[in-house]
Amino acid sequence: NAGVMQNPRHLVRRRGQEARLRCSPMKGHSHVYWYRQLPEEGLKFMVYLQKENIIDESGMPKERFSAEFPKEGPSILRIQQVVRGDSAAYFCASSPLAVVSGNTIYFGEGSWLTVV
Amino acid sequence: AQKITQTQPGMFVQEKEAVTLDCTYDTSDQSYGLFWYKQPSSGEMIFLIYQGSYDEQNATEGRYSLNFQKARKSANLVISASQLGDSAMYFCAMSSRGGADGLTFGKGTHLIIQP
């Protein structure tokens with residue numbers, strides 16, 4: 001049973017380009033969370049999705065960022081027209097439950113975005 | 001809204017000593033969970049230990065134990081007999097039924113174990 005798979009692990013983009021980060025949740029998990037970790041900081045919630053639905057995007061910047069979790073395929077976090085401040089680690093987590101309880105949330109290994 | 005506070009940005013500890021990493025939390029929910037994660041320099045988030053708000057016993061996992069003091073809203077992580085491989089960032093986090101956003105994280109403590 002594979003864990004949460006994120007790719008790419010490392011991504012370098014020039015300012016103004018687009019970044020796409022992918023997350024395949026664990027088998028049987030229909031709840032996906034995206035977090036961002038800036039240097040020297042803890043993880044900050046961005047968005048919570050279920051299949052084909054965005055449940056809570058209160059942590060997403062209003063512009064340039066979007067997320068989806070289609071019926072088939074991985075969840076995608078998309079950042080358009082990247083700026084240097086978008087450089088961070090982006091973590092995906094999945095859970096079989098709507099509310100995290102016990103050790104039921106599993107993290108991917110993260111995707112490190114560097115904007116040059 | 002939930003909040004996690006970790007007041008120790010960094011700690012240096014001698015190998016084989018016990019370590020206590022502080023964590024206090026704030027929530028208005030009655031049902032919640034508390035987590036500790038380790039993040040080594042390679043970057044992945046490694047789950048260490050979980051404590052539910054209704055659990056009467058303190059959680060233990062091998063060398064890790066969680067000192068849960070509900071009235072004080074603290075959930076300190078204790079690592080017994082520290083090892084060089086324990087050097088990493090440590091994050092305290094919480095979940096609650098009032099929030100659909102998974103976990104709320106503290107800013108972390110950078111633990112360095114010295115030989």
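1. Ser74(B) has a relative accessibility of 6% and so counts as buried, the limit being under 20%. The model is a predicted one, and the points below should be read as remarks on that prediction. Ser74(B) belongs to strand 9 of chain B. Leaving aside residues up to four places away in sequence, Ser74(B) is in contact with Cys23(B), Thr24(B), Tyr25(B), Asn67(B), Phe68(B) and Gln69(B).

2. The strand that holds Ser74(B) is mostly covered, as 5 of the 6 residues of strand 9 of chain B are buried. Strand 9 of chain B pairs with strand 8 of chain B in the antiparallel sense, over 6 bridges. Within strand 9 of chain B, Asn76(B) has Asn67(B) opposite. Strand 3 of chain B, residues 19–21, also runs antiparallel to strand 9 of chain B and is joined to that strand by 3 bridges. Here Leu77(B) of strand 9 of chain B is the residue opposite Leu21(B).

3. Strand 8 and strand 9 of chain B form a hairpin with 4 residues between the strands. In this hairpin Lys73(B) adopts a positive phi near 55°.

4. Which side chain does Asp86(B) meet in a salt bridge? The partner is Arg63(B), with an N to O distance of 2.8 Å.

5. Over all chains the structure holds 8 salt bridges. One of them joins Glu109(A) to Arg9(A), whose closest N and O atoms are 3.6 Å apart. This pair links distant parts of the chain, 100 residues apart. Glu109(A) sits in the loop between strand 10 (106–107) and strand 11 (111–115) of chain A, and Arg9(A) in the loop between strand 1 (5–7) and strand 2 (10–13) of chain A. Both are partly exposed, with relative accessible areas of 44% for Glu109(A) and 29% for Arg9(A).

6. Chain A also has a network of salt bridges that links Glu18(A), Arg20(A) and Arg78(A). In general, side chains of opposite charge can pair when their charged atoms come close.

7. Strand 9 of chain A, residues 88–95, is mostly covered, with 8 of its 8 residues buried. Ala88(A), Tyr90(A), Cys92(A) and Ser94(A) point one way from the strand. Ala89(A), Phe91(A), Ala93(A) and Ser95(A) point the other way, and the residues of both sets are all buried.

8. What pairs with strand 9 of chain A in the antiparallel sense over 3 bridges? That partner is strand 11 of chain A, where Leu113(A) lies opposite Ala88(A). Strand 4 of chain A, residues 31–37, is joined to strand 9 of chain A by 7 bridges, again antiparallel. In that pairing His31(A) is opposite Ser95(A). Strand 10 of chain A runs antiparallel to strand 9 of chain A too, with 2 bridges between them, and Phe107(A) in strand 10 is opposite Ala93(A).

9. Between the chains, 21 residues of chain A contact 20 residues of chain B. The buried area is about 1,700 Å², and carbon and sulfur atoms give 61% of that area. There are 3 residue pairs in polar contact between chain A and chain B, both residues being at pLDDT 80 or more. On the side of chain A that touches chain B, the elements giving two or more residues are strand 4 and strand 5 (43–50) of chain A. By class, that side of chain A has 11 nonpolar, 5 polar and 5 charged residues.

10. How many salt bridges are counted between chain A and chain B? The count is 1. Lys107(B) and Glu41(A) meet in a salt bridge at 3.9 Å, N to O. Glu41(A) also forms a salt bridge with Lys44(A), the closest N and O atoms being 3.8 Å apart. Lys44(A) is partly exposed at 46% relative accessibility, and Glu41(A) is partly exposed at 24%.

Methods: Residues are numbered from 1 along each chain as its sequence is written. Chains are lettered from A and ligands numbered from 1 in the order in which they are written. This is a predicted model: local features need pLDDT of at least 70, side-chain atom pairs count only at pLDDT 80 or more; totals for chains, interfaces and linings use all residues. Side-chain values use heavy atoms; hydrogens and water are left out. A salt bridge is a side-chain nitrogen of Lys or Arg within 4 Å of a carboxyl oxygen of Asp or Glu. Buried means under 20% relative accessible area, exposed over 50%, partly exposed in between (1.4 Å probe, protein chains only). Two strands pair if DSSP finds at least two bridges between them. Contact means heavy atoms within 4.5 Å. Buried area is the accessible area (1.4 Å probe) that two parts lose on being put together, summed over both. A polar contact is a pair of N or O atoms within 3.5 Å; within protein, one must be able to donate a hydrogen and the other to accept it, and residues adjacent in sequence count only if both atoms are side-chain atoms. Ala, Val, Leu, Ile, Met, Phe, Trp, Tyr, Cys and Pro count as nonpolar, Asp, Glu, Lys and Arg as charged, and the others, Gly among them, as polar.
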